[in-house]
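Please read the following report alongside the sequence and the coordinates.

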Amino acid sequence: MQKIMFNNNYGLTRDVLDEIKTQTRRIANVENVDYDSIIGSTDSNGKLYFTFIYDGWHIDAYPTYQIGEEVAVAQCYFDCGTKWAREHIDIASDLIKSKGYNNKLFVRADLMPHRIRITNIRVERLQDISYEDCLKEGIKRKNERYVVENEKGVCFYTNDVILAFRYLIDNTCGKGTWKSNPWVFVYDFELVK
């Protein structure tokens with residue numbers, strides 16, 4: 001099983017667990033050019049991939065996750081809760097001493113208490129995001145404004161949902177990400193109960 005990480009500084013892990021965030025964009029590892037066409041196919045093992053065609057060249061890119069795959073939502077062990085701790089009491093002392101106790105980068109996917117199921121995958125340019133998809137990405141609407149929240153509360157608000165998403169993506173993926181307009185894999189997902 002694989003794991004997926006969402007940015008805690010902007011509450012995105014919490015939004016996934018609260019079923020507010022049901023979509024994520026991950027940068028595709030392809031050149032940032034305007035392709036003549038992009039074709040989705042499956043290989044002989046049934047794995048989805050996309051062929052990017054440009055001036056006679058073909059580049060195959062596999063998304064990290066596949067449709068129907070269950071993926072563990074990474075959380076540091078400390079954040080997994082008391083119910084989870086009771087279920088793993090036999091290895092609790094080892095987990096407390098591990099790097100994963102305070103850093104979700106080092107956790108084991110099979111020990112994570114929450115999972116998502118990938119329901120759809122597509123490819124698009126980052127700036128092609130729609131109004132509806134901004135909301136699926138975790139942008140919230142409060143008092144006629146679109147807001148981005150961090151661990152201290154609202155840190156950005158605007159009347160433009162796309163501007164709110166731009167702020168979020170530049171602060172989670174690096175300044176200039178929006179402007180560079182990379183190709184992204186768009187994953188729709190649902191929380192597994």
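V148 stands opposite F156, a residue of strand β10. The surrounding elements, β9 (145-150) and β10 (153-158), run antiparallel and are joined by 5 bridges; helices (H or I, at least four residues) and strands (E, at least two) are DSSP runs, numbered from the N terminus, and two strands pair if DSSP finds at least two bridges between them. Helix α5 packs on the sheet by touching β9 and β10, and its direction makes about 135° with that of β10; contact means heavy atoms within 4.5 Å, while axes are lines fitted to C-alpha atoms, for helices over the stretch in contact, with angles running from 0 to 180 degrees between N-to-C directions.

This is a predicted model, in which local features need pLDDT of at least 70 and side-chain atom pairs count only at pLDDT 80 or more, whereas totals for chains, interfaces and linings use all residues. Residues are numbered from 1 along each chain as its sequence is written, and side-chain values use heavy atoms, with hydrogens and water left out.

| β8-β9-β10 | antiparallel | 45° |

Strand β4 (residues 48-54) is joined to β5 by 5 bridges in an antiparallel arrangement, and F52 has I59 of β5 as its bridge partner.

Helix α5 (residues 161-173) has 13 residues and reaches 18 Å from its first C-alpha to its last, close to the 18 Å expected at 1.5 Å a residue, where the expected span is 1.5 Å times one less than the number of residues. Its buried residues are V161, A164, F165, L168, I169 and D170, buried meaning under 20% relative accessible area, exposed over 50% and partly exposed in between (1.4 Å probe, protein chains only). The elements covering these buried residues include α1, β2 (23-27), α4 (131-136) and α6 (177-180), together with β9 and β10.

In helix α1 lies D15, which counts as buried at 1% relative accessibility. Not counting residues up to four places away in sequence, D15 touches Y10, I20, K21, G138 and K140.

Rings of Phe, Tyr and Trp (its six-membered ring) pair if their centres lie within 6.5 Å, with planes under 30 degrees apart counted as stacked, over 60 as edge-to-face and the rest as tilted. By this rule the count comes to 14 aromatic pairs. One of them is the tilted pair of F6 and F189, with 5.8 Å centre to centre and 45° between the planes. Because F6 lies in the loop between β1 (3-4) and α1 (12-17) and F189 in strand β11 (residues 183-192), the pair ties together parts that are 183 residues apart in sequence. F6 is buried at 3% relative accessibility, and F189 is buried with a relative accessible area of 5%. R26 lies over the face of F6 at 5.3 Å from the ring centre, a charge sitting over a ring if NZ of Lys or CZ of Arg is within 6 Å of the ring centre and within 35 degrees of the ring normal. Y35, F52, Y54 and W183 form one aromatic cluster.
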